[in-house]
Amino acid sequence: MSLSRRNFVIATTVAAAGSTLLSACSSGDAGGGSSTPSGGATEYTGATVTVGTKADSTGPAPEIAGAKKGGTIYGIAPDDFSHLDPQRIYYAYNSTAALLLHRCLTGYKIDSSGHQKLVGDLAEDTGTMSNAGKTWTFTLKEGLKWQDGTELTVEDVRHGIERLWAPFIIESASYVQIAITGKGGKWRDAYEGPYKGKHLTQLVTDKAKRTITFNLAEARPDFNFTLAMHSYAAVSPKLDTKEKYDKMPAACGPYMVKSHVTDKSMTLTRNKNWDPKTDSIRNNYPDGFEFTFGIETLDGVDRLIASQGNDAYAVSIYKGVPAERIQKVLTDPELKKRTFNGLLTGTYYYAINTKRVTDLKVRQALNHAWPLQQIRQIYGGPSSGDFATTILSPDILGREKFDVYGKLKTPQGDPAAAKKLLKEAGKEGMKIVYAFPADPTYNKTKVVIENALKAAGFTPIIKPVDSTTYYDQIAKVDNTFDVMWYGWSPDWPTAYTMMQPLFDSASVGDGLYNVSQTKIPFIDEAIQKNMVITDQKKAGAAWAALDKKIMTEVAPIIPEMYQRRYYVYGTKVGGAQFDPNFSATLLYKTFVKA
């Protein structure tokens with residue numbers, strides 16, 4: 001089977017990036033020299049992610065031309081990683097670190113042009129399916145070790161799955177748990193977790209044969225894609241420190257945590273017990289990485305542009321070039337050589353809390369009122385992305401374009417249409433609490449949003465939220481927010497991986513992702529029906545119809561943009577390219593230039 005470009009949840013605030021010159025989209029030479037790969041797609045391609053063979057899964061990873069071992073790559077970012085425990089990792093920013101530390105049964109081999117192939121990571125290949133998709137078996141590679149030199153076994157893979165039931169693990173993806181138990185959102189009721197000595201009976205391990213078999217309650221023909229998510233990475237029971245694991249996890253990837261000062265810095269050093277022969281995905285050219293947190297986007301980009309001292313060896317981990325600098329970067333030939341860019345495959349939007357905003361006409365009025373044009377101008381103009389009008393992004397199979405609220409005709413907002421709906425609902429002057437991650441860019445967009453809400457007849461209450469904990473706060477069922485900035489990319493590019501996490505009633509709960517808190521029978525029924533359609537064209541049409549019905553009859557979100565992100569990096573960095581999964585810098589391909 002093959003699937004389009006897969007992308008995890010977009011967990012981080014987007015550094016507004018763009019240019020009014022669409023011709024500036026080409027990334028040029030990502031490494032600043034002819035020996036390094038160019039990065040960054042220039043259009044939505046719909047290109048497939050292929051499934052690799054056992055040979056594709058065999059390490060080491062392909063060498064990068066011109067790369068040399070040694071030195072330190074410095075990473076800068078406004079925020080610390082909120083989680084390093086793999087079972088607590090779902091958001092994209094955290095996954096940029098996880099790629100260096102953790103390994104899953106499967107993963108993605110990415111070439112210099114951003115094309116991907118699903119391969120075995122810890123496993124020898126991408127698994128064997130039987131029993132009509134209800135049984136999957138994987139065999140581990142030989143020579144896998146933890147950072148302390150102990151063997152990594154199938155029991156460690158099993159433990160990584162089982163600890164998802166621990167009470168302190170509330171942030172993970174839930175695809176595997178649901179597939180194993182068949183209990184939907186009540187999957188926790190089926191198992192008490194591994195810390196009382198019991199194992200999941202649905203997982204069968206054979207340490208001698210290095211095999212682990214998943215006996216699922218529900219058929220999942222794409223289960224090998226699911227297992228590439230960091231929520232399902234291996235964890236050794238002997239090295240598991242439970243809650244403390246989040247700040248100092250044990251590594252089986254090419255790097256390990258040497259020190260971590262929360263919200264300030266983190267240093268990674270080589271994991272000497274990682275064997276490149278077991279890893280077809282990752283390179284490990286630098287001796288280590290030093291990350292510094294608390295550096296705002298504009299300051300960070302200015303440092304990368306200047307490229308002085310250690311900043312010559314630095315990259316932005318996940319924040320792109322802001323609007324204030326995009327013209328400077330793309331019109332200066334020397335600076336442009338130090339850029340790469342890529343399209344984000346998901347949709348940025350504003351979730352409306354349907355538990356608090358219960359009237360459909362009010363939610364529709366919010367859609368009419370929202371000032372997309374003014375917001376995009378702050379982001380940097382047209383080439384920062386396209387206006388969104390649908391739930392599904394352009395890279396989703398079967399996605400159809402529609403515009404229920406006429407946003408393409410009136411992207412600046414239609415206060416008259418909003419006022420009319422508010423009057424019909426008897427909600428004139430209604431208070432709307434708008435929450436967003438505290439960030440220089442969103443501190444600017446809040447002004448135009450507040451003005452637009454006032455013009456439409458609402459009484460806005462603006463609530464900036466600490467950016468490090470933002471996603472944890474809005475994922476609480478009892479939060480006090482009416483509208484929340486949000487973004488989501490498919491875990492793999494079928495509509496199921498957007499619709500189920502975001503709108504299924506089973507996904508309502510603390511730490512889950514139905515932030516709009518929709519509990520609509522027709523949505524739940526359609527998700528269950530559409531997910532088993534095997535014909536991709538028929539499935540795509542069914543998902544597209546559901547997309548339009550949700551936006552028309554429920555209006556639980558305000559679509560914002562399908563975005564592009566640009567990056568600049570220091571003069572001594574080689575191999576820098578766009579990560580098509582996490583819309584960040586693909587750190588394990590970077591190296592220090594001689």
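Modeller: H5 and H6 are roughly parallel to each other (angles under 35 degrees count as that). Keep in mind this is a predicted model, where local features need pLDDT of at least 70, side-chain atom pairs count only at pLDDT 80 or more, and totals for chains, interfaces and linings use all residues. Residues are numbered from 1 along each chain as its sequence is written, and side-chain values use heavy atoms, leaving out hydrogens and water.

Biologist: At what angle do the axes of H5 and H6 cross?

Modeller: Roughly 20 degrees, and the axes come within 10 Å; H5 covers residues 297-306 and H6 residues 323-331. Axes here are lines fitted to C-alpha atoms, for helices over the stretch in contact, with angles from 0 to 180 degrees between N-to-C directions. Helices are DSSP runs (H or I, at least four residues) and strands are E runs of at least two, numbered from the N terminus.

Biologist: And which residues of H5 and H6 meet?

Modeller: Leu 298, Val 301, Asp 302 and Ile 305 on the H5 side meet Glu 324, Arg 325, Lys 328 and Val 329 on the H6 side. Contact means heavy atoms within 4.5 Å. That set splits into 4 nonpolar, 4 charged and no polar residues.

Biologist: Switching to sheets: what is the strand order in the open sheet of 4 strands?

Modeller: E6-E7-E9-E8, with antiparallel pairing. Two strands pair if DSSP finds at least two bridges between them. E6 (128-130) and E8 (203-206) are the edge strands, each pairing on one side only.

Biologist: How many bridges join E7 to E9?

Modeller: There are 5, between residues 135-139 and 211-215. Thr 137, for instance, has Thr 213 in E9 as its bridge partner. Helix H2 (residues 154-162) packs on this sheet, touching E8 and E9, and its direction makes about 160 degrees with that of E8.

Biologist: What about the sheet of 5 strands, what's its order?

Modeller: E10-E11-E12-E3-E13, open again, but with mixed pairing. Helix H1 (residues 92-101) lies across E3, E10, E11 and E12, at about 130 degrees to E10.

Biologist: Last topic: how many salt bridges does the structure hold?

Modeller: 24, counting a side-chain nitrogen of Lys or Arg within 4 Å of a carboxyl oxygen of Asp or Glu. One of them joins Asp 240 and Arg 163, at 3.0 Å from N to O. That pair links distant parts of the chain, 77 residues apart.

Methods. Parallel < 35°, antiparallel > 145°, perpendicular 65-115°, else oblique. Nonpolar A, V, L, I, M, F, W, Y, C, P; charged D, E, K, R; others polar.
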